[in-house]
Amino acid sequence: MKLLLLRYILVLLSILNAIGPSSGIKACKALNRRFRQFKQVLSLSAKMESGATTSKMAKLPILNPKEYDLWLMRIEQYFFMTNYSLWEVIMNGNKVLKKKVGETEQDYDPTTAEEKQDRRNETKARGTLLMALPNKYQLKFHAYKDAKLLMEAIEKRYGGNK
């Protein structure tokens with residue numbers, strides 16, 4: 001980072017010497033252009049130093065009711081590429097957030113870090129599935145509060161034509 005800063009200062013000084021004192025507007029424009037380029041280099045190098053990688057996000061596949069099987073394959077691949085744990089929540093359900101009280105299972109507020117992460121994953125999985133539905137079908141499926149139940153309802157509604 002310090003080396004880049006020194007290099008930038010040397011480039012600025014060489015531009016000022018080459019242009020000369022009589023051409024102030026040209027010098028300002030050249031300095032401004034070099035400064036923008038330098039900012040881009042600095043931000044890119046900062047990202048590389050922090051370990052961040054730039055990647056293109058996968059596009060969320062929207063369900064076409066006539067092509068459920070194709071959508072299922074694409075949505076599965078989408079979850080594999082973005083966050084596999086969300087796909088596991090959809091397929092296996094989220095059992096950690098339910099406690100048996102008497103003969104029924106009831107939801108409870110998460111207390112441990114693992115339970116909070118499970119709740120976040122459940123919410124993200126359900127929200128992603130809802131976003132993958134066309135707008136006119138989202139209201140029909142919004143009532144499902146569990147990602148697994150939501151996926152089963154989508155499959156029952158659109159996957160029955162196998």
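**Fold and packing in the predicted chain**

Residues 24 or more positions apart account for 48% of the contacts in the chain with a separation of 6 or more, contact meaning heavy atoms within 4.5 Å. The model is predicted; local features need pLDDT of at least 70, side-chain atom pairs count only at pLDDT 80 or more, and totals for chains, interfaces and linings use all residues. Residues are numbered from 1 along each chain as its sequence is written, and side-chain values use heavy atoms, with hydrogens and water left out.

The secondary structure comprises 7 helices and 2 strands. Helices (H or I, at least four residues) and strands (E, at least two) are DSSP runs, numbered from the N terminus. Along the sequence the pattern reads α-α-α-α-β-β-α-α-α. Mean pLDDT is 77 for the chain, and 62% of the residues reach 70 or more; pLDDT is the predictor's confidence in each residue, from 0 to 100. Where pLDDT is low, the predicted coordinates should not be read in detail.

The chain has 162 residues, of which 28% count as buried. Buried means under 20% relative accessible area, exposed over 50%, and partly exposed in between (1.4 Å probe, protein chains only). The accessible surface of the chain is about 12,000 Å², and carbon and sulfur atoms hold 57% of that area. Areas come from the Shrake-Rupley method with a 1.4 Å probe; for residues, only the protein chains shown count as cover.

Helix H4 (residues 84–92) packs against helix H5 (residues 113–131) at an angle of about 85 degrees, with the axes 9 Å apart. H4 is therefore roughly perpendicular to H5, a class that covers 65 to 115 degrees; under 35 counts as roughly parallel, over 145 as roughly antiparallel and the rest as oblique. H4 contributes Ser85, Leu86, Val89 and Ile90 to the contact, and H5 contributes Asn121, Glu122, Lys124, Ala125 and Leu129. Axes are lines fitted to C-alpha atoms, for helices over the stretch in contact, and angles run from 0 to 180 degrees between N-to-C directions.

Thr128 also lies in H5. Thr128 is buried, at 11% relative accessible area. Beyond its neighbours within four places in sequence, Thr128 is in contact with Leu60, Tyr78 and Phe79. Thr128 and Phe79 are 49 residues apart in sequence; their C-alpha atoms are 9.3 Å apart.

Aromatic pairs number 7. Rings of Phe, Tyr and Trp (its six-membered ring) pair if their centres lie within 6.5 Å; planes under 30 degrees apart count as stacked, over 60 as edge-to-face and the rest as tilted. Phe80 and Tyr84 form a tilted pair, because their ring centres are 5.0 Å apart and their planes stand at 35 degrees. Phe80 is partly exposed, at 34% relative accessible area. Tyr84 is likewise partly exposed, at 41%. One aromatic cluster consists of Tyr137, Phe141, Tyr144 and Tyr158.

Tyr158 is 89 residues from Asp69 in sequence, yet 9.0 Å away in space, C-alpha to C-alpha. Asp69 lies in helix H3 (residues 68–82). Asp69 is partly exposed, with 47% relative accessibility.
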